[in-house]
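Please keep the model open while I talk.

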Amino acid sequence: MTSQPTLLDRLRQAVGADHVLTGNGLLGYEQDWRQRARGRALAVVRPRTTEEVAAVVRACAAHGTAIVPQGGNTGLAVGSVPDDSGTQVLLSLRRMDRVRALDAANLTVTAEAGCILQNLQAAASDAGFLFPLSLAAEGSCTLGGNLAANAGGTQVVRYGNARELCLGLEVVTAQGDIWHGLSGLRKDNTGYDLRDLFIGSEGTLGIITAATMKLYPQPAAQLTAWAAVPSMQAAVDLLGLAHRHLGAGLTGFEVMNQFALSLVDRHYPQQRVPLWRESPWCVLLENSDHESEAHAREQFERLLEAALQAGCVTDAVVAESLSQAQALWHIRESIPLAQAEEGLNIKHDISLPISRIPSFVEATDAELARAIPGVRLVDFGHLGDGNLHYNVQAPAGADAAAFLRDEEDRINTLVFDAVARHGGSISAEHGIGSLKAAKLPHYKSPVALQMMRAIKQALDPQGIMNPGRVLG
């Protein structure tokens, strides 16, 4: 009598024994980037093809074993690491990293889920095109993870989130079937938009294995400016002026408060942060022009002149070279790293109607200061699309770990309640993961949650796809 193959046997048959990792040495897979959680996987499985992913899912479904998909493991909501049960299979898509095709006439590129975002940008650039999705983790995050969390980044104001950039998907379902949906069509009105179900679902409905994404012509010129503004309301006023003067050329509009920039200055003094000592807020703007650099510079000069006259800008600098522009963007992208150097902190990735952001910041800053004297606020983000990273640092000299342990739930409730009062969302681009799953029912309508649970039950009746995430 022959014995039945174990799950590990079937996984090794599916992807090869060398790509089923067990035992010690899996820290890079089992711990999230922020070191908020450390799990323990039954195994880490590294498929190379979509067919291998399907075989892995079929094996796990047959054994009733949960699957945790993972790309670059750069997420901030603890959505791609296993729990501590030692029973879940972590499915790493990093080996699926090919750019499969680029269609110049259709302005599309098709790449696998494990393709690093920076590599996809480079492939587009080498062919003379722009792939505009851009975020601080682009050197290590992957396309599949970007889509699973509906990533945003710094150019959403012009090009939209990952969802708006995606035309088609290839997905392995919870049953191990393959949906071949890699259409490059911009119009396809043949029923429910299945693509949009999987984008932003954080691996809870199926596994994205490849995607067809939009490309754009390279702009003739990109200019970057850094402006000091006296208030958040002034930053919103400047955004309105930028829309009127630059139109679709406005591709980036970032806001940063003085404390956020002080952390970059303290921990990375070589970066030379401009204007931050004299102003409570600074704004980083990008103008992409399809005519010429001279035209772009003329537009910028007119905008800044109008802003200075209106009083919403007190001082400004325009980058004179690509290296200067990159240095300004590097300052903005260094804020999360500088905050990590400062110590553990409580992060919020929120979105609000842009018109309500000044009142939210004023009211919530004051409420937090009353609740926790000396609390420090790292407030920055994508003002152009209404997305703030409203982060809370312990008072100077306090035990950061104790602050996180003792105050996180109270602070989250305070901030999320304020977000709800101002008509916003508790997650803009980082997702729900496991960090916010218990909070979601307090801020999402019961009807919306009911529909979401019905979709989950229909597509993943066994509940094996990334359990405990989004819907808890």
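Let me begin with the lining of the second largest pocket, which by class has 20 nonpolar, 17 polar and eight charged residues, where Ala, Val, Leu, Ile, Met, Phe, Trp, Tyr, Cys and Pro count as nonpolar, Asp, Glu, Lys and Arg as charged, and the others, Gly among them, as polar. This is a predicted model, in which local features need pLDDT of at least 70 and side-chain atom pairs count only at pLDDT 80 or more, while totals for chains, interfaces and linings use all residues. Residues are numbered from 1 along each chain as its sequence is written, and side-chain values use heavy atoms, with hydrogens and water left out.

The space in this second largest pocket is about 1000 Å³. A pocket here is an open set of points on a 1 Å grid over the protein atoms alone, where a 1.4 Å probe fits, with protein on both sides within 12 Å along at least five of seven lines, and lining residues have an atom within 4 Å of a point. Of its 45 lining residues, R163, G200, K444, M452 and V470 are the closest to the centre. Two or more lining residues come from each of α8 (194–198), α15 (400–421), α16 (440–443) and α17 (446–459), helices being DSSP runs of H or I with at least four residues, numbered from the N terminus. The largest share, four residues, belongs to α17.

The axes of α9 (residues 232–246) and α14 (residues 357–371) come within 8 Å and cross at roughly 165°. M232, Q233 and V236 of α9 meet I357, P358 and V361 of α14.

Conventions: Points joined across faces, edges and corners; volume = space filled by probe spheres on them. Axes fitted to C-alpha atoms, helices over the stretch in contact; angles between N-to-C directions. Contact = heavy atoms within 4.5 Å.
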